[in-house]
Amino acid sequence: MSVTSIESRKAPRRIGTWALQGLVAAVFFAAGGAKLAGVPFMVQLFNQIGIGQWFRIVTGVVEIIGAVALLTPGLASIGGLWLGGTMVGAVATHLILHSSPLPAVILGTLNAVIVYLRRDELLALAARIRN
């Protein structure tokens, strides 16, 4: 089998991975933007959490940074980990507030898929850090 045929078989996976990253990044840009803009629903949600509105701002910044990382070559796996960890916290928060954690579960799962698809990138980054 030639190198060309191997590379051409990887193209659909690569395109699909970028499409997924773009979709997930768009969702996090929207959610982070809503938090930073002070959309009433977000203000109310963070009032229920009880930590303060500063946490809404921090969460919005975390989501925007993660979305940018998802769209940056070489950082997509880190962005997936970053946002996946954020969604673990979101699921816990929704369970404590007795609201549906389903959106956070779905987004966390999609981030896990991105990390899996970008695992080679993550391993290469870890090797560079070790050396």
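The model is predicted, so local features need pLDDT of at least 70 and side-chain atom pairs count only at pLDDT 80 or more, while totals for chains, interfaces and linings use all residues. Residues are numbered from 1 along each chain as its sequence is written, and side-chain values use heavy atoms, leaving out hydrogens and water.

Q: Which way do α3 and α4 run relative to each other, roughly parallel or roughly antiparallel?
A: Helices here are DSSP runs (H or I, at least four residues), numbered from the N terminus. α3 covers residues 53-70 and α4 covers residues 76-96, and they pack at an angle of about 150 degrees with axes 7 Å apart. Angles run from 0 to 180 degrees between N-to-C directions, with axes fitted to C-alpha atoms over the stretch in contact. Angles over 145 degrees count as roughly antiparallel, so α3 and α4 are roughly antiparallel.

Q: How many charged residues does the contact of α3 with α4 have?
A: Contact means heavy atoms within 4.5 Å, and V62, E63, I65, G66, A67, A69 and L70 in α3 meet A76, G79, G80, W82, L83, T86 and M87 in α4. Asp, Glu, Lys and Arg count as charged, Ala, Val, Leu, Ile, Met, Phe, Trp, Tyr, Cys and Pro as nonpolar, and the others, Gly among them, as polar. Sorted that way, the contact of α3 with α4 has nine nonpolar residues, four polar and one charged.

Q: Is H98 buried or exposed?
A: H98 lies in the loop between α4 and α5. Its phi is near 60 degrees, a positive value in a residue other than glycine, whereas most residues other than glycine have a negative phi. Exposed means over 50% relative accessible area, so at 76% H98 counts as exposed.

Q: At what angle do the axes of α4 and α5 cross?
A: α4 and α5 are roughly antiparallel to each other. Their axes come within 8 Å, and the crossing angle is roughly 155 degrees.

Note on methods: Helices (H or I, at least four residues) and strands (E, at least two) are DSSP runs, numbered from the N terminus. Angles under 35 degrees count as roughly parallel, over 145 as roughly antiparallel, 65 to 115 as roughly perpendicular and the rest as oblique. Buried means under 20% relative accessible area, exposed over 50%, partly exposed in between (1.4 Å probe, protein chains only).
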